[in-house]
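Please look over the model below. The report that follows covers its sheets, the helices packed on them and its aromatic contacts.

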Amino acid sequence: MNHTRMLSALSLAAVTALSLSACTGFTGGGSTTQQEGTLTFTTWASESEQTAFESLVSQFESENEGVTVQLNVVPYDQMFSNIDAQLSAGNAPDIFRVDYGNLGVYSSQNQLLDVSPYFTPEEIEQFTPAMWEAVSYDGTPYGVPHQTDVSALLVNTQLLSAAGITDLPTTQADAWTWDEFADVAVKLKASLPADKYPFVYNWQLGGTPRWLSWLFQADGALLGEDGTTPEIDSAAGTEALDFTRSFFEKGWVPPTSSVKAATYADSFFTEESVAMAFLGSFVVPDIENLAGFDWTALPMPVNDRGATDLGGNALVATQSSAQPELAAKFLRFMTDADNMTAFCAATNELPTRVDIDPSSIPFAVRPDVMPVFVEQATAIQPSDVKQLTSPSLAAIAVSMQDQLEAAFVNGQSTADTLANITTGIRQATGS
C-alpha cells in the first residue's frame with residue numbers, strides 16, 4: 001500500500017507526498033459551469049478513505065434522485081496549491097477537505113460557506129465542542145468536523161521485552177512520565193544494536209506542529225489567549241525544548257529523523273530501525289500490513305499533563321458554490337452519526353460527535369489497539385485546539401521547522417531557538 005498521508009495539525013506547503021494511483025485530477029471543479037444537481041468534491045485520501053468516500057457518495061446520490069457528486073481524489077502535495085488557484089480563478093470545487101490547522105487560512109479570508117443556517121443548535125450540540133470550535137472562526141462555523149485522529153506510542157513488543165521492558169502502560173492514568181520514558185529510552189539504547197534506535201517522533205514532512213504536544217505536556221503555550229501574543233519563550237517552553245533536544249544529543253532517535261527529514265516515522269518503525277514510534281491512528285492499517293513483528297499501542301508520555309496532536313480533517317463548502325443548500329446537505333449527510341461511524345470504522349479514525357461512542361466502533365484493522373487512541377484524544381484541551389487552529393499557524397510552522405531543525409541538528413541553543421520562534425510568531429501574527 002502506498003504511504004499517502006493525511007497529516008494532522010498543519011502541513012507545510014512543501015510536503016512531499018506520493019500520488020494515489022486512482023487520482024482523477026483537478027477536473028470538474030468549476031461551480032460556474034457545472035450542471036444543476038451536480039456537486040464537485042475534491043479530497044486527498046488513503047486507499048481505505050477513498051473506498052469509504054466512494055461508498056458514501058454513491059449512497060448520497062441514491063438517496064437524492066438527480067444529484068451527482070463528482071469525487072476528485074488528488075495527491076496531498078497538490079491539494080491546497082490547486083485549491084488556492086481555483087479559489088482565485090473563481091472555479092473552486094463546491095466542497096473540499098481540509099485539515100483543521102489549514103482551515104483557518106480559508107475561513108479567515110471569507111472564502112468558505114457559513115454553515116450555521118443549515119444546522120440547528122440541537123444538531124451542533126451533537127458535535128464535540130472542541131471540534132466544532134476547530135471549524136469556527138470568530139464564532140462562525142465554516143465547515144463540519146468530519147473525523148479526527150491523534151498520535152499514540154506504537155512499540156515493538158519483542159524489542160522492548162529483550163531490553164527487559166515488560167510493564168507497559170495501557171491508559172492515561174498509568175502513562176509513562178517523561179522521566180520514565182527517558183529511562184525506557186536508556187534501556188533500549190543499551191540493548192539495541194548500534195544501527196537501531198529507541199524511538200522516532202512523527203514531526204517530519206509537514207508534521208512540525210506535532211512538536212507542540214511536548215510543549216502542552218509541559219503545560220506551556222505557543223500563543224496567548226488573544227491568539228497572537230507569543231508565549232513559547234517560557235519555563236515550559238525551555239523544558240519542552242531541552243527534553244526534545246536530548247533525543248538527538250543522547251542518540252535516542254535516528255539522526256536522520258528530524259523535522260526536515262524526508263522519511264516518515266512509520267517507515268523507521270516498520271523497517272525495525274526503531275523500537276518505538278509516535279504515530280497517528282490513521283497509519284494503523286499500514287503498520288499492520290508492513291510490520292513483520294508483534295506490536296501494540298501505548299499512551300503518549302505525560303509531564304504536567306497529557307497531550308497529543310489534533311489530527312483529522314473537516315469538510316467545507318466554498319462560498320462561491322452555486323448550490324450552497326445542496327452542498328450543505330452533503331456536509332450534513334457526511335457527518336450523520338451512522339455515516340461518520342461507517343467512515344471511521346473503515347479508516348481507523350475517530351468520530352467528532354458526542355453521540356458516537358468510539359469504543360463501540362467496529363474498526364476494520366487492529367481494533368485491539370484503538371482504545372489507546374480513543375482515550376488519548378481526551379487529552380486534547382480546548383486551549384490546545386485554539387492554538388492548533390490559529391489562522392497564523394501555517395506561517396508560524398515554517399519558522400518553527402527552521403528553528404527546531406537548527407536546535408536538533410545544528411546545535412542552536414534553547415534560548416536562541418525560543419527567541420527566534422517568538423520572532424517568527426510576531427511576524428506571522430503582526431503582534
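## Strand β7 and its partners

In this predicted model, strand β7 is mostly covered: six of its six residues are buried. It pairs with β9 in the antiparallel sense, over five bridges. Leu154 has Ala277 of β9 as its bridge partner. β7 also runs antiparallel to β10, and four bridges join the two. Here Leu153 is partnered by Leu298 of β10.

## The four-stranded sheet

These strands belong to an open sheet of four, in the order β8-β9-β7-β10, with mixed pairing. β8 (197-200) and β10 (295-298) are the edge strands; each has a single partner, so one side of each lacks a neighbour in the sheet. Neighbouring strands are turned by 20° against each other on average, direction ignored.

β8 and β9 (residues 274-280) pair in the parallel sense over three bridges. Phe199 has Met276 in β9 as its bridge partner. Helix α7 (residues 178-191) lies across β7 (151-156), β8 and β9. Its direction is at about 135° to β8.

Which loop holds Gln172? The residue is found between α6 (157-162) and α7. Gln172 has a relative accessible area of 18%. The cut-off for buried is under 20%, so Gln172 counts as buried. Beyond its neighbours within four places in sequence, Gln172 is in contact with Pro299, Gly306, Glu375, Gln376 and Ala379.

## The five-stranded sheet

A further open sheet has five strands in the order β2-β1-β3-β11-β6, again with mixed pairing. Its edges are β2 (68-73) and β6 (144-147); each has a single partner strand, so one side of each is left without a neighbour in the sheet. The twist averages 30° from one strand to the next.

β1 (residues 38-43) and β3 (residues 95-99) pair in the parallel sense over two bridges. Phe41 stands opposite Ile95 in β3. Helix α1 (residues 47-63) packs on this sheet and touches β1, β2, β3 and β6. The direction of α1 makes about 170° with that of β2. Helix α3 (residues 100-107) packs on the sheet as well, touching β3, β6 and β11 (313-317). The direction of α3 makes about 125° with that of β3.

## Aromatic pairs

The structure holds 33 aromatic pairs. In one of them, the rings of Trp44 and Phe80 have centres 5.8 Å apart and planes at 70°, so the pair is edge-to-face. Trp44 lies in the loop between β1 and α1, and Phe80 in helix α2 (residues 76-89), so the pair ties together parts 36 residues apart in sequence. Trp44 is buried, at 2% relative accessibility. Phe80 is buried too, with a relative accessible area of 12%.

How are the rings of Phe80 and Tyr106 placed? Their centres are 6.2 Å apart and their planes at 35°, so this pair is tilted. It links distant parts of the chain: Phe80 in α2 and Tyr106 in α3, 26 residues apart. Both residues are buried.

## Cluster and charges over rings

One aromatic cluster includes Trp178, Phe181, Phe199, Tyr201 and Trp203. Among its other members are Trp214, Phe243, Phe278 and Phe408.

Charged side chains also sit over rings. Arg353 lies over the face of Phe127, at 5.4 Å from the ring centre. The charged end of Arg366 sits over the ring of Trp295, 4.3 Å from its centre.

Methods. Residues are numbered from 1 along each chain as its sequence is written. This is a predicted model: local features need pLDDT of at least 70, side-chain atom pairs count only at pLDDT 80 or more; totals for chains, interfaces and linings use all residues. Side-chain values use heavy atoms; hydrogens and water are left out. Two strands pair if DSSP finds at least two bridges between them. Axes are lines fitted to C-alpha atoms, for helices over the stretch in contact, and angles run from 0 to 180 degrees between N-to-C directions. Contact means heavy atoms within 4.5 Å. Buried means under 20% relative accessible area, exposed over 50%, partly exposed in between (1.4 Å probe, protein chains only). Rings of Phe, Tyr and Trp (its six-membered ring) pair if their centres lie within 6.5 Å; planes under 30 degrees apart count as stacked, over 60 as edge-to-face and the rest as tilted. A charge sits over a ring if NZ of Lys or CZ of Arg is within 6 Å of the ring centre and within 35 degrees of the ring normal.
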